[in-house]
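This briefing covers a sheet, a chain contact, a nonpolar core and a domain division. The structure comes first, and the notes follow by topic.

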Amino acid sequence: MFVSGQCGNCYCSRLVIITSRIQLLSVVDRTGTSVLGLFEFVGALATFGGRAVVEAFRPPYEWREIIRHLYQFGYRSAPLVVTAGLAIGVVLSMHTRASLERFGAEAMIPAGLAIALIRETGPLTAGLLVSGRVGAGIGAEIGAMKVTEQIDALEANAVDAFKYLAVTRIIALMIAMPLLTLMMDFAGIFGGYLAEVAVSGMSWQLYFERAFGYITYSDLIPATFKTVVFGYLIAVAGSYLGFTTSRGTEGVGEASTRSVVMGSMLIILGDVILVKIIFFFYPPVSG
Amino acid sequence: MTPDEAAVRLDHVSKQFGALKVLDDVSLDIPKGKAFCLLGRSGTGKSVLLRHIIGLVQPDGGKVFVEGRDITALKGRELGDVRKQMGFLFQNAALFDSMSVGDNVAFPMRRHTDWADGKIRETAQQKLAAVGLEKDFDKMPGDLSGGMKKRAGLARAMALDPSILLVDEPSAGLDPITAAEIDELLVETKRSGTTLVVVTHNIPSARIVGDDFGVLHEGRLLARGTLEALDASDEPIVQAFMRSQGGG
């Protein structure tokens, strides 16, 4: 192929121009295809999520499955969330102390820690942890059912597979997420107390008075309830990728990995929007 | 045969996946209470045809009637009502691996009957006993062999005593003795009045189970008739098939 125009020949220069135009068109073509593919994917995911909302209000209500998933997602995620919360509380307390000591404001450590945990660190960290543990599981489980014809078997048994597999998981995770977030918040505050008592010997009563003295319902309720949306996003991403799995076990692995990545991305992006909405309804108070 | 006499009727059914034409204007009547065996090489569209009958795949053209009802026009609960009259034995059994074998068999009863749990359990036990798995009620599907999975799948497919049983490659991947056991179970099912639609490329097995046969080749129904008619066919592919002794 001709790639250089150094010979100075007019014919050669034209060839260089044509070649570079073709390469440019190829790049535009590939970019366009990727963008269209992305739009198609987002559209399909949004349709899937929208359908889940509609189907959630239509009978039959699969209570048995919802409770089973609630146990799987909620109860069985609790040890991970509580352990992570404790560790985060200890670490945050140490960092906060290091910063506030400079200004002689050690008394504010419990309040600062509690506000940070309840408003943002608790919900987001719980969301990311659950995305890793539960999102991957949803993608892998539904994906495996798809490639082993179990989804077809459900349909052949006159069961709406979408409702039975996806909607039940979405509802269960929407219920489990705020509960897990509360666990993380309180585990974190308790972890902060353990760190604080080790350094300053602060009493339990004083620590919790200071921690909750500055917390209002407008800190706790919107921040906790935004994780209902996190639960929805994680479960929709996992279910969608599970239902669209192909290529056997390789596809199942890919669905699992992509569920974690997409679930995490969605909750981080969703958090930005949700915080903006929360600030609109509950403007941050200064001073 | 009038539409009412046919358990299943395919009327000029066509299906294409991308550029690949899988079914090309296939018309077929399957009489009630008979065993129809659909023969053909791998990848000729047999399983796709079977999936059309239970509405897992929608045709691009044509209609599918099940006991007189056009299922291509049905959705949701109406389609579910038709599906309840049918059982489907998948090629790999497709047992729900999060449930025990007993719960797999009980699943259709739990979903579609208002029976007490005791009765469901007892019926599931009977269905498993009918396929020789009465001791395996509490086992998980992962603990079963291929043949046992297929028998458990058959028990689940028969859980609601369907009038039509669809069977996809019943002897695929099984040893000859287990395959013969499955064939015997299918013959017993047929004797109870159930219409069977069996997709297979195992001719010896089809000879045991079938009353009526069809050969699908490159998406078209190449031949249709009794065993004798197919044995006497001039069509080279049909001849090659009917002479074959292998399968599985």
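In this predicted model, strand E4 (residues 61–66) of chain B pairs with E5(B) in the antiparallel sense, over two bridges. Within that pairing, B:Val66 has B:Arg69 of E5(B) as its bridge partner.

**Sheet in chain B**
- E4(B) and E5(B) belong to an open sheet of four strands with antiparallel pairing, in the order E2-E1-E4-E5.
- Strand E2 (20–31) and strand E5 (69–70) of chain B are the edge strands; each has a single partner strand, so one side of each lacks a neighbour in the sheet.
- Helix H1 (residues 46–53) of chain B packs on the sheet and touches strand E1 (6–17), E2 and E4 of chain B.
- The direction of H1(B) makes about 55° with that of E2(B).

**Contact between chains A and B**
- Chain A gives ten residues to the contact and chain B gives 14.
- On the side of chain B that touches chain A, helix H2 (76–83) and helix H3 (101–112) of chain B are the elements that give two or more residues.
- H3(B) supplies the largest share of that side, four residues.
- By class, that side of chain B holds eight nonpolar, three polar and three charged residues.

**Nonpolar core**
- The largest nonpolar core has 136 residues, and those with the most contacts inside it are A:Ile170, A:Leu173, B:Leu166, B:Val197 and B:Val198.
- Helix H6 (residues 161–199) of chain A contributes the largest share of this core, 17 residues.
- Beyond its neighbours within four places in sequence, B:Val198 is in contact with residues including B:Ala35, B:Cys37, B:Leu186 and B:Val209.

**Domains of chain A**
- Chain A is divided into domain 1 (1–35) and domain 2 (43–281).
- The centres of domain 1 and domain 2 of chain A, taken over C-alpha atoms, are separated by 50 Å.

Conventions: Residues are numbered from 1 along each chain as its sequence is written. Chains are lettered from A and ligands numbered from 1 in the order in which they are written. This is a predicted model: local features need pLDDT of at least 70, side-chain atom pairs count only at pLDDT 80 or more; totals for chains, interfaces and linings use all residues. Two residues are in contact if their C-beta atoms, placed from the backbone, lie within 7 Å. Ala, Val, Leu, Ile, Met, Phe, Trp, Tyr, Cys and Pro count as nonpolar, Asp, Glu, Lys and Arg as charged, and the others, Gly among them, as polar. Domain bounds come from an automatic or database domain assignment. A nonpolar core is a set of buried Ala, Val, Leu, Ile, Met, Phe, Trp, Tyr and Cys residues joined through C-beta atoms within 7 Å. A residue is buried if 20 or more other C-beta atoms lie within 10 Å of its own, exposed if 12 or fewer, and partly exposed in between; C-beta atoms are placed from the backbone. Two strands pair if DSSP finds at least two bridges between them. Axes are lines fitted to C-alpha atoms, for helices over the stretch in contact, and angles run from 0 to 180 degrees between N-to-C directions.
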